[in-house]
Amino acid sequence: MASDPNQGPSDNPNTDYGSPPTNPYDGPQNPYSNPENPYSNSYGESYGQAGPGFPPPTGSPLPLGEAVRQLPSQWIRVLTHPGASALAEESGKASWDIVWVQLIISAVISAIFSFLVTLEGSSFMNVPTTGSNASLLTAYRSVLTGASFASIITVPLFFFIGMGIFFGLAKAFGGQGRFVTQSYTFLLYGVPLGIVVSVLSLIPIAGSFIAIAIGIYAIVLDVFAVMAVHRLSGGKATAVILIPLGVLFLLACGLVVVFVAILASQIH
């Protein structure tokens, strides 16, 4: 039966014009997305459920000799291009051997410059080197020298204590990183900044102010490192870093109050 040309479009969906879409509000599908991973981005890179969208870690652990050779360029890169993206890309090279190499470098340099500061401080002491004063000055120098070289042990010790605190808090906030990756990433900027602070310690007053500014910069990099390693948002990463620092600040204030109270009681 021929159709009437004066009639409107047919209600029959099986016409030459095809069937209408089942849902006219469905937008175009992303041809690059991964339907099996709802957290993949438009380029198909999976960042994980809690990830803020940084590039995934690139590279793999290197042989120790090659890792040591690349350290200076890595230090320069993460310091001159601060951000979670650069740290995330470098974190894929984490391994325990290069972690210990950086810790040894940091501990030895800290011990050397602490000893130099001790010698510098002793040279400014106008104490007669005769009788009991000589014995007292010798004992003072011996204690400071021992404390300086004890940093070879205390630097790795306090580093791992701090890393353990940060790691536990990051996991409590849903962090996904590994302990070795976190340690390696923190050292990539911590070691060169520590070397700079050690050199500045030889400058009496100006060095202290510059060291404070470097310390603030290091805290910012700590936040970026937690974001990169544990795939956390900026707010959570900031909480991971600032909570322990806040506790230390309160403890320090409490110790100052106790010391002032004891001193006041002795004076009265």
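I started with the packing of helix 5 against helix 6 (residues 206-230): their axes come within 10 Å and cross at roughly 175 degrees. Axes here are lines fitted to C-alpha atoms, for helices over the stretch in contact, with angles from 0 to 180 degrees between N-to-C directions. Helices are DSSP runs (H or I, at least four residues), numbered from the N terminus. The pair is therefore roughly antiparallel (angles over 145 degrees).

I noted that this is a predicted model, where local features need pLDDT of at least 70, side-chain atom pairs count only at pLDDT 80 or more, and totals for chains, interfaces and linings use all residues. Numbering runs from 1 along each chain as its sequence is written, and side-chain values use heavy atoms, without hydrogens and water.

Next, the contact (heavy atoms within 4.5 Å). Helix 5 brings residues including T181, F186, Y189 and L200; helix 6 brings, among them, I210, Y217, D222 and H230. I found 15 nonpolar residues, five polar and one charged in this contact.

Then I checked the geometry of helix 5. Its 22 residues (179-200) should span 32 Å at 1.5 Å a residue, and the end C-alpha atoms are 31 Å apart, which agrees. The expected span is 1.5 Å times one less than the number of residues. I also logged a bend of about 35 degrees at L187, taken between axes fitted to the seven residues ending there and the seven starting there.

Last, T181, in helix 5. T181 is buried at 10% relative accessible area (the cut-off is under 20%, 1.4 Å probe, protein chains only). Beyond neighbours within four places in sequence, T181 touches S91, A94 and V229. The C-alpha atoms of T181 and A94 are 5.2 Å apart, though 87 residues separate them along the chain.

Notes:
Helix = DSSP H or I, 4+ residues; strand = E, 2+ residues; numbered from the N terminus. Parallel < 35°, antiparallel > 145°, perpendicular 65-115°, else oblique. Nonpolar A, V, L, I, M, F, W, Y, C, P; charged D, E, K, R; others polar. Buried < 20%, exposed > 50% of the residue type's maximum accessible area, 1.4 Å probe, protein only.
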